[in-house]
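Let's take a walk through this structure together, one piece at a time. Have a look at the picture first, then read on.

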Amino acid sequence: MDQLIFYTLSALTLVSALVVVFAKSPMYSVLSLIVCFFTIAGHYILLNAQFLAITHIIVYAGAIMVLFLFVVMLLNLNKESEQHKPLKLRIAATISAGMLFLTLIASLKSTQFVSFIAPPPSDMGIVENVGQKLFTDYLLPFEISSILFLSAMIGAVVLAKRDKKR
Amino acid sequence: MTENVIIDPNLYFLGLLIPLFPLLGFLVNGLLGKFLPKASAGWIGSGAVLASFICVLYIFNSLGVNDVIRIDLFEWIVFSGIDISFGLSIDPLTVIMMLVVTGVGFLIHLYSIGYMHDDEGFGRFFVYLNLFIFFMLLLVMGSNFLMMFIGWEGVGLCSYLLIGFWFKNDAYNDAAQKAFVMNRIGDLGFLLAMFFILFQFGTLDFAAVERLAPSIAEHQGLITTIALLLFIGAIGKSAQLPLFTWLPDAMAGPTPVSALIHAATMVTAGIYMVVRSNVLFALSPIALNVILAVGVATSVFAAIIGLKQNDIKKVLAYSTVSQLGLMFVALGLGAFTSGIFHLVTHAFFKALLFLGAGSVIHALHGEQDIRKMGGLKKLIPITYITFLLASLAISGFPLLSGFFSKDEILAHAFQQNILIWIIISLSSLLTAFYMFRLVYLTFANSFRGTDEAKHHIHESPWTMTVPLIILCVLSVFGGLLGLPAVFHAQHWLAGYLSAVTDGSAQYLHHAEHLSHSMEIILMSIAGVGAILMILFARHQYVTKKQLPPADESLTGFEKLVANKFYVDELYERFISQPVFKMSEGFGGFVDKKILDRVVNGVGTVVDMSGKTLRLLQTGNTGFYIFAMVIGMIVIFIIRLLI
Amino acid sequence: MGTVEHIIPLNWYIFVSTFLFCIGVMGVMFRKNGIIILMCIEIMLNAVNLLLVAFSAYSGNTDGQVFVFFIMVVAAAEVAVGLALLMSIYRNIGSTNIDVLNKLKW
């Protein structure tokens with residue numbers, strides 16, 4: 001059962017990611033990216049990271065993807081206005097990405113993993129445990145990330161604001 | 001060797017003062033000369049040397065034969081077992097040298113006041129002269145080879161400055177450079193010898209080297225190398241074959257300079273250095289033989305050249321070279337004291353000869369060619385009498401100073417090797433002849449110049465004649481320093497210097513002492529020979545009134561001699577020209593065609609590759625990412641393969 | 001679902017996330033549209049996230065999940081700024097084609 005779910009989710013993830021890259025219209029890309037994110041959230045649940053799965057959906061599907069959608073629609077990007085690279089470059093890109101994959105997998109072969117024998121506690125990913133870690137060991141980075149958000153927000157506002165002098 | 005180091009604050013202080021006076025004179029004249037009246041420079045300079053002379057006299061008076069005053073001012077170079085102090089030491093040998101340097105030096109300073117009176121560089125002249133005296137004192141007072149080397153280089157510098165004193169004349173500047181370069185060749189030998197000594201003994205101190213030297217007596221190769229390298233230094237400084245050609249050219253300098261530097265003091269530094277390190281030389285028979293050979297060859301060679309010179313100063317210059325050769329003969333025979341003895345008497349009469357020549361030149365307003373002189377006997381009598389006596393002294397006229405000092409060397413030569421005795425006897429006979437050729441051509445008969453010139457001839461002022469007279473007295477009676485045993489007298493100089501030369505006595509081969517009758521026979525031969533040569537010269541140049549022919553009319557051997565055996569031309573042809581050719585080759589080909597091209601090529605390659613590679617910077621982000629991915633792949637592949 | 005670790009080997013997750021990452025890399029090289037490139041960067045970030053969570057689960061260490069949390073934070077900020085930049089670019093050149101922006105060269 002678990003394996004079946006894993007295969008399905010993995011297949012969906014990869015296919016939707018490929019669609020993101022190959023889709024003619026940006027709108028399709030955005031939509032298939034949403035699918036991709038949801039399947040990744042499924043992976044998280046499968047891996048007992050429930051809190052992360054929820055956060056993932058909220059942040060990516062709820063915030064980031066909406067942002068993407070808004071921008072795509074705002075700029076009125078569609079299939080017709082889309083420009084593509086020359087075919088040669090696209091083939092080169094595909095080949096080099098494939099080679100990267102091969103070399104990464106090949107280097108994986110020569111890697112020695114520490115064997116994970118002890119069964120992990122199944123409630124490892126629940127809010128309580130993650131929160132415990134987050135607010136004790138990682139409290140300072142957590143607080144600092146709020147500053148990052150603040151500056152990102154200001155930056156985004158400044159950049160996106162229309163220049164009044166023009 | 002029993003040296004007795006005295007620690008007497010007074011002597012210490014006086015010893016320190018000796019070189020300081022000329023230094024002070026140099027500084028005062030050099031830095032404040034502009035603010036002082038012109039005439040004062042000469043008196044300040046002379047006074048400084050006189051003050052030194054008085055100090056030396058005091059030390060001479062209070063220093064025993066075995067005493068040494070050591071003045072270690074400060075530690076100079078101290079590292080890894082090497083310890084060279086900036087120190088002076090005064091022993092009998094130093095005292096003798098200091099007496100000559102400051103005594104003769106003072107007289108020549110005094111003389112210069114008159115001689116240089118009208119020169120625009122009057123002040124500058126005394127600045128250089130005082131600096132020279134300072135360095136010369138440093139040379140003879142230094143307690144180690146390095147201190148000696150400082151003085152050695154310093155006097156070389158002053159020699160250069162003074163030869164080129166009239167720097168507006170290009171020929172004089174060339175002569176100065178020639179002297180400097182020739183000296184550098186010798187200096188290199190000295191320097192190498194110092195490195196060897198330092199390497200072998202770990203010290204440069206004279207006393208320590210003398211103490212340690214016998215320990216390497218078995219290593220003949222090493223000790224001979226050191227001795228010969230030192231001797232190369234002496235060859236350069238004392239103008240021996242084959243580095244003698246600078247000395248005749250050095251006559252370009254003012255005549256007092258020729259007297260002081262190029263006759264009495266600086267050129268004898270080589271002799272002093274050999275005597276100072278006599279133990280090193282005594283340990284190496286080969287080195288002594290080389291010195292002997294060079295001395296004999298130089299002595300004869302220079303004497304022959306002297307026969308045909310027509311410039312009054314050139315004759316004296318070759319005579320100096322010849323006499324220096326004679327001193328080296330003495331050293332080569334192991335008769336160190338005799339060498340110093342001849343050095344001292346030579347300083348007296350050769351300085352006198354130069355000063356006399358200077359007086360003649362002064363009287364004739366710069367004329368130096370003896371063919372245009374003659375008949376000066378009546379016109380400048382004091383100069384004539386002193387010059388005549390000095391010539392008698394150098395020729396070895398019986399009972400004058402040169403007679404005794406030469407005779408001592410001849411006696412040593414006779415003891416050890418009769419062939420050498422014959423050769424150097426010949427050389428002294430030649431000396432007698434060319435000196436009197438000079439005397440007669442200059443002073444005898446009638447004046448050969450213009451009436452205008454004759455009208456202006458006058459005796460020199462007292463500042464010039466007084467030194468002449470004093471030096472004349474010294475030339476006549478200087479021989480008393482070393483009366484031989486025949487006269488039932490102690491050889492005073494030998495006794496005085498015994499502490500210095502005793503160290504080497506045991507290593508030298510000692511011939512049997514000559515019997516007194518034999519000694520008297522030798523003296524008679526030398527004396528009679530000298531007198532005969534003088535009479536022969538008189539016959540030639542007074543009775544027959546011969547004149548040296550013009551240079552162009554000479555043929556064969558005479559031409560060869562008059563042109564100094566073409567030594568300069570040989571050096572020019574076989575050393576200077578090839579070097580120039582080589583530097584042209586290196587400059588034109590190696591530098592321009594190879595080195596420059598390599599250097600420019602590197603620049604071009606970098607420039608070109610920069611111009612090409614910057615095109616990679618397309619500004620296209622996709623391309624950058626592409627390159628990055630390729631790079632990642634390559635790194636991973638390399639990682640996999642390794 | 002509590003024993004998934006024992007059924008699915010860790011290597012599979014590694015394969016999936018590596019593949020996902022390479023798709024992201026390919027997308028960046030493949031497309032001209034700035035927005036798609038941003039999306040591909042998100043895919044790459046998520047590939048890394050997935051791998052981190054997988055390692056975290058298999059090693060029983062929560063730290064990995066906290067890292068993922070922070071990566072999400074950064075990704076969100078990045079997207080916000082990136083999209084703002086793209087808006088600004090679009091306003092200036094009338095498209096989101098980043099190949100036009102090649103003035104910064106030589």
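Helices (H or I, at least four residues) and strands (E, at least two) are DSSP runs, numbered from the N terminus. What you see is a predicted model, in which local features need pLDDT of at least 70 and side-chain atom pairs count only at pLDDT 80 or more, while totals for chains, interfaces and linings use all residues. Residues are numbered from 1 along each chain as its sequence is written, and chains are lettered from A and ligands numbered from 1 in the order in which they are written.

Let's begin with chain C. How many helices and strands are there in chain C? It has four helices and zero strands, so the pattern along its sequence reads α-α-α-α. Chain C has 106 residues, and 56% of them count as buried. Here a residue is buried if 20 or more other C-beta atoms lie within 10 Å of its own, exposed if 12 or fewer, and partly exposed in between, with C-beta atoms placed from the backbone. Two residues are in contact if their C-beta atoms, placed from the backbone, lie within 7 Å. Among contacts in chain C between residues at least 6 apart in sequence, 51% join residues at least 24 apart.

Next, see where chain C meets chain A. The contact takes 58 residues from chain C and 70 residues from chain A. On the chain C side, α1 (4-7), α2 (10-30), α3 (34-59) and α4 (63-93) each supply at least two residues. The most comes from α4(C), with 20 residues. Sorted by class, this side of chain C has 41 nonpolar, twelve polar and five charged residues. Ala, Val, Leu, Ile, Met, Phe, Trp, Tyr, Cys and Pro count as nonpolar, Asp, Glu, Lys and Arg as charged, and the others, Gly among them, as polar.

Now turn to chain B, where an open sheet of three strands has the order β1-β2-β3, with mixed pairing. Two strands pair if DSSP finds at least two bridges between them. β1 (4-6) and β3 (82-90) of chain B stand at the edges with a single partner strand each, so one side of each has no neighbour in the sheet. Three bridges join β1(B) to β2 (residues 67-79) of chain B, and these two run parallel. In β2(B), I69(B) is the bridge partner of I6(B).

Finally, find G221(B) in helix α8 (residues 220-237) of chain B. Is G221(B) buried or exposed? G221(B) counts as exposed because it has 11 C-beta neighbours inside 10 Å.
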